[in-house]
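Visitor: I have just started learning to read protein structures. Could you walk me through this one?

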Amino acid sequence: MTLTTPTRRQLLAMIGQVAGAAAMYQAMTSMGFAAESGYAGAPELQGPRQGRRVLILGAGIAGMAAAYEMRRAGYAVKILEYQDRTGGRCLTLRGGDRYTEMGGHEIACDFQGDGYLNAGPWRLPVHHRAVFDYCRRLGVAMHPFIIKNNRAFLHSASAFDGQPQRIGDVEKDMRGHVSELLAKALNQGGLDDAVTPEDREKLLEGLKDWGVLDRNYTYRASDDLGGVRGWDIPPGGGLMPEKKPSQPNDLSRLLHSGLWDQVFNFNSYSFEPPMFEPAGGMDAITDAFAREVEDVIQLNARVTRIAQHDDGVTVTYEDGGRGGTVREQTADWCICTIPLSVLAQIQVDCSDAMRKAIAAVPYASAFKVGLEFRRRFWEEEDGILGGVSYTDLPLVQIAYPNYGFLSAGPAVLQAAYDTATGGRNFTYSWSSMTPQERIDAALAFGRQIHPQYDAEFLSGTSWVWHRVDWSLGCYGQWTQELRDEHYKTLCEIDNRLVLAGEHCSHIPAWLEGSLLSALDAIKRLDQRENA
Amino acid sequence: MTPNPLYLFAALTVLATGALAQQTSTPPPPAQDIDTLLSRFSDDPDHFTQTDGADLYRATCQACHMEDGRGAMGAGAHPPLAGNPKMRSKHFLAGVILTGYHAMPRFGHMMSDDQVAAVTNYVRSHFGNDFPDVITAAEVADLRPPEDE
């Protein structure tokens, strides 16, 4: 028996030889390997039997991906979109853009250079495999997104006299101090119950290198540490001054500064380097989908009613937006990607449980401010090329452009950004400000980190997701209790209707969640069609 | 040591360029205005530190319900608090602030009973609303879901 049972690796190799890489990948996925994002390649749909016509509501990434794949499988698709643009929350602001937010204020973007502000998604982890696969298939050019730049800043208004500290310095100091403490405990026999004598020796040896400790297991300035942490006087050429290693920060001061906590911003698997972004703005991804399906998209269509009957759906919409000509569109199936915040205000024929689910999910607060400056002073004077700085000021983070390095002329900082997921209350207050007030506040806080702000400022723009009438918030703010009660119902096919979008995923707010939700919805719809 | 005249010249040029840039950039708003503006943020990221109903409204509710309490409408709508019959019940409004309602997030974990009472009473006595009955912090405490306590 053992002779005839192949190992998993042998089995996979056999499948690969016989059926090709795609089949091997499918097999790997079903066996639990390589299944990081739940993405198993482009969906293999059987195609329509009776119900050929599919009406999709919303031309964001979920709606357009659903249209793209269902049409490939032979369905007749149509998309109704409320806005006069495609892309949904995948949105990039550039110079010349104008937008009227809820409350009537105009968002103006007057950037002079080629800088931009991604109002929604702005960086992609490589394990979001569906996004990367579609970018590959649709020809979206990517460049690296520097998520962690050791030279970017950590800042607290109440620590280090308000002087920003380098991320790398804080991280290495904490590593050094913790290594020293652990070595001390090991040497004093404090951990003899936990480690064998052999392990203790290995640990001590490793801690010395890892934390850059001296022969007495002390973390202190040395040429060795200079080679790891950097220099007060860096090694130079010719007759330049003798090098001098940098001085570590005191442990207690670091612990009370809050800066160690800020390093944890980089710990998330979602922000694991390397990350990527499409060249020229995140909307390159949805633009690529729009190119594939633009002939089936009807813009300026505001859905007011989703009616279901035995053999199909009838969607009523206002052609031209609120108050426009009322029209109806019938179809065999409906895929609705309208955010739940808006959908809850639309009359939908569905089960009571689904209606409750639609109305149950709060939509998260999130905002951004983008500021354009005359020149890249953060590169020229602070040596920060790309990456993100964090602060305990209400602006929370400053992200530097990861394109156009060293170029002359204007450049754009993502100068303030937070979401409700961070747990801080600042985002609500930013959202309650006028566009001008947001810019003023971002400048007032930002100059505490970059004093060059005042001299170099050109113009600013902002985005507040709670003031966007087609999303009424940024993303579905699920809790475990809400998921237990409503998630499955929300995602199930209700007669002829299925919902999709980031709100129908376990990766809220991310493009990957929207894509996986759409792919899963159309797979189940296709199965239902062919059942 | 005498400074090298070339270096001095370079430094002056940089200063002059900086001054020029300063002149052509938009002047920052007056300090008083900025302080007032920045005071609209809580001093604590976890809990609102404002205590006055108007200040709390401006830091939270105003994002959606707007300066005039009339909400806003487009594809979807943020409901008005002005002339809204649901405002008749102080318990309803305080409960919504505590636990959220439909797409509206909850604020109970970021506001004390006193703060929820203050903003509830503010909304019910402004924007054309004129309900005489006020809610007390003790009444808010009774409405608070157990997990908030």
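Visitor: What percentage of the residues in chain B is buried?
Guide: This is a predicted model, in which local features need pLDDT of at least 70, side-chain atom pairs count only at pLDDT 80 or more, and totals for chains, interfaces and linings use all residues. Residues are numbered from 1 along each chain as its sequence is written, while chains are lettered from A and ligands numbered from 1 in the order in which they are written. A residue is buried if 20 or more other C-beta atoms lie within 10 Å of its own, exposed if 12 or fewer, and partly exposed in between, with C-beta atoms placed from the backbone. Of the 149 residues in chain B, the buried part is 32%.

Visitor: Why is helix α6 of chain B said to be largely enclosed?
Guide: The buried residues of α6(B) include V116(B), A117(B), V119(B) and Y122(B). They pack against α3 (53–59), α5 (90–99) and α7 (137–143) of chain B. Helix α6 (residues 113–123) of chain B is largely enclosed by the rest of the structure because the buried ones number nine of its eleven residues.

Visitor: How many residues of chain B are in contact with chain A?
Guide: Two residues are in contact if their C-beta atoms, placed from the backbone, lie within 7 Å. On the chain A side there are 41 residues, and on the chain B side the number is 36.

Visitor: Which element gives the largest share of the side of chain A that touches chain B?
Guide: Elements giving two or more residues to that side are α11 (340–343), α14 (426–431), α15 (435–446) and α16 (453–456) of chain A. Ala, Val, Leu, Ile, Met, Phe, Trp, Tyr, Cys and Pro count as nonpolar, Asp, Glu, Lys and Arg as charged, and the others, Gly among them, as polar. By that sorting, this side of chain A has 20 nonpolar, twelve polar and nine charged residues. The largest share, five residues, comes from α15(A).

Visitor: How do α5(A) and α6(A) lie, roughly parallel or roughly antiparallel?
Guide: Helix α5 (residues 167–187) and helix α6 (residues 197–210) of chain A pack at an angle of about 155°, with axes 9 Å apart. Axes are lines fitted to C-alpha atoms, for helices over the stretch in contact, and angles run from 0 to 180 degrees between N-to-C directions. Angles under 35 degrees count as roughly parallel, over 145 as roughly antiparallel, 65 to 115 as roughly perpendicular and the rest as oblique. The arrangement of α5(A) and α6(A) is therefore roughly antiparallel.

Visitor: What is the distance between the centres of domain 2 and domain 3 of chain A?
Guide: Domain bounds come from an automatic or database domain assignment. That assignment gives domain 2 as 44–86 + 284–358 + 484–529 and domain 3 as 97–151 + 273–281 + 364–467 of chain A. Their contact takes twelve residues from domain 2 and 13 residues from domain 3. Taken over C-alpha atoms, the centres are separated by 30 Å.

Visitor: What percentage of the residues of chain A counts as buried?
Guide: Chain A has 18 helices and 25 strands. Its C-alpha atoms fill a box of roughly 80 × 75 × 45 Å, taken along the principal axes. Of the 531 residues of chain A, the buried part is 47%.

Conventions: Helix = DSSP H or I, 4+ residues; strand = E, 2+ residues; numbered from the N terminus.
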